[in-house]
Amino acid sequence: MRIILFTGKGGVGKTTLAAASALLSAKNGYKTLIISTDAAHSLSDSFETHISNQPKQIVPNLFGQEINALEEITKKWGDIKKYLTALFASQGIDEIEAEEMSVFPGMEELFSLTQIHNYNKTSDYDVIIVDCAPTGDTLRLLSAPEITNWYLKHIFPIQRTAAKAIRPVANRVFPFPFPEDKIFEAMQKLTTQLAEMKEILSDNKKTSIRLVLNPEKMVIKEAQRAFTFFNLFGYSVDSIIVNRMIPPGVTDAYFKNWKTIQATYLQMIKECFSPLPIFTLEFLDQEIVGIELLLKIAKKVYGNKNPTQLFLSKKPIVIEKAKGGFDMFLNLPFVEKKDLDLYRNEEELIIRVGNYKRNILLPQTLLNYSIKSAKFEKEKLKISFRQKII
Ligand SMILES: Nc1ncnc2c1ncn2[C@@H]1O[C@H](COP(=O)(O)OP(=O)(O)O)[C@@H](O)[C@H]1O
Ligand SMILES: [Mg+2]
């Protein structure tokens, strides 16, 4: 199965390009499902047909689904949420605030994504195309499995087995409500599911992200930030799609300046994101809605290429054997050295880049080594692990 996520700043053309790619994928004979995790669902508008919470056939081989995040949250987080609200309230937190604290930012998108996990299990589709929320939210969404795990680990430090023994007296002894068995069950299920999902999403032979851009300063900046983040978290980006290029045939004086600006930015995009393949789509003289037009633009974008192809599969984190230890390379373009902070806490390597923090659980092989140096080599952060001197 192949999973392709489309993301980018608001309004750049994510839904349009996701829909077009899905149509071409279906036309090429792959059983394709397009799902939208953006709360502002617009697949229905794009395909000009009603798409709901359940997969619905749009054309032969193509199915669409707009996920209802609230329903997913209720199913998978409902019991935990009830418990957390009671727990916070027992600590004197106002009921409304307690309710608010029992969900965290990014949760809606996260639970939308768990659908991918289900489809991966059932193998019902060859290709899943995800029309994601704007970049900022997607970033949260992709770090959400880690955040949730952190949340669960720290809020529920009590082991289930210990809980069993304590429970008979717990509610008398502890000044907070004690989690019931079903809460532990729900948590365990969720933790496993999230770990598996993280594995699916960071499997760079199966999953890749496509960044949609417009040739404009702010949009490029945001895409760069997103690209750094994806690399940091081990998710691969396989191509860039530059949308809304003014066609060469437009000679109107009004657009002359725009064309020069766009050419400069296109060059900048190439310099920034190389060796990623860069696709372009011109600014049409009409909105892109409906099957016919979507298919037409898909062919404009991909030419004779298969849209489901993995255009570039570059591992964001690589570990190599070196003299006296190992070197770990993290692909981190666009990072300024002053933005970087690194420290180690036993088996955890904590990397802070700008506003993002990543905890990398070090592989077993590296645990007996200590960090000797960390430096930038080209666009990569090289961390050298060497034998501990006792
Ligand atoms: N290349 C283009 N030419 C003309 N209209 C476009 C183009 N790309 C997108 N649009 C239109 O712009 C609007 C926003 O696009 P959409 O794909 O919904 O963006 P996003 O999902 O990133 O918010 C839609 O009405 C779409 O039809
Ligand atoms: Mg959209």
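This report describes a predicted model of one chain and the surroundings of its ligand.

## Overall composition

The predicted chain contains eleven helices and 15 strands. Of its 390 residues, 36% count as buried. Among contacts between residues at least 6 apart in sequence, 72% join residues at least 24 apart.

## Surroundings of ligand 1

Ligand 1 is surrounded by 17 residues, of which the closest are Gly13, Lys14, Thr15, Thr16 and Leu284. Two elements give two or more residues to this shell, namely helix H1 (14-27) and strand S7 (237-245). The largest share, three residues, comes from H1.

By class, the shell around ligand 1 holds six nonpolar, eight polar and three charged residues.

## Helix H8 and helix H3

Helix H8 covers residues 181-201, and helix H3 covers residues 69-90. Their axes come within 9 Å and cross at roughly 130°. The crossing of H3 past H8 is left-handed.

On the H3 side, the residues in contact are Lys76, Asp79, Ile80 and Tyr83. They meet Lys182, Ile183, Ala186, Met187 and Leu190 of H8. This contact of H3 with H8 comprises six nonpolar and three charged residues, with no polar residues.

## Lysine 189 in helix H8

Lysine 189 also belongs to helix H8. Because there are 11 C-beta neighbours inside 10 Å, lysine 189 counts as exposed; the limit for that class is 12 or fewer.

The C-alpha atom of lysine 189 is separated by 8.8 Å from that of lysine 76, although the two residues are 113 residues apart along the chain. Lysine 76 is one of the H3 residues that take part in the contact with H8.

## Helix H8 and helix H5

Helix H8 also packs with helix H5, which spans residues 107-122. The angle between H5 and H8 is about 80°, and their axes are 10 Å apart. Angles of 65 to 115 degrees count as roughly perpendicular, and H5 and H8 are therefore placed in that class.

From H5, the contact includes Leu113, Thr114, Ile116, His117 and Asn120. From H8, Gln193, Glu196, Met197 and Ile200 meet them. The residues of this contact between H5 and H8 divide into four nonpolar, four polar and one charged.

## Residues with a positive phi

Most residues other than glycine have a negative phi. Two residues of the model are described here against that background.

Serine 123 is not a glycine, yet its phi is positive, at about 50°. This serine 123 lies in the loop between H5 and strand S5 (127-131). Serine 123 is exposed because 8 other C-beta atoms lie within 10 Å, and a residue with 12 or fewer falls in that class.

Arginine 244 has a positive phi as well, near 75°, and is likewise a residue other than glycine. Arginine 244 lies in strand S7, one of the elements that give two or more residues to the shell around ligand 1. With 19 C-beta neighbours inside 10 Å, arginine 244 counts as partly exposed, because a buried residue needs 20 or more.

Technical notes. Residues numbered from 1 in each chain as written. Chains lettered and ligands numbered in written order. Predicted model: local features only at pLDDT ≥ 70, side-chain atom pairs only at ≥ 80, totals over all residues. Near = placed C-beta within 6 Å. Helix = DSSP H or I, 4+ residues; strand = E, 2+ residues; numbered from the N terminus. Nonpolar A, V, L, I, M, F, W, Y, C, P; charged D, E, K, R; others polar. Contact = placed C-beta atoms within 7 Å. Axes fitted to C-alpha atoms, helices over the stretch in contact; angles between N-to-C directions. Left-handed = near helix turned anticlockwise from the far one by under 90°. Parallel < 35°, antiparallel > 145°, perpendicular 65-115°, else oblique.
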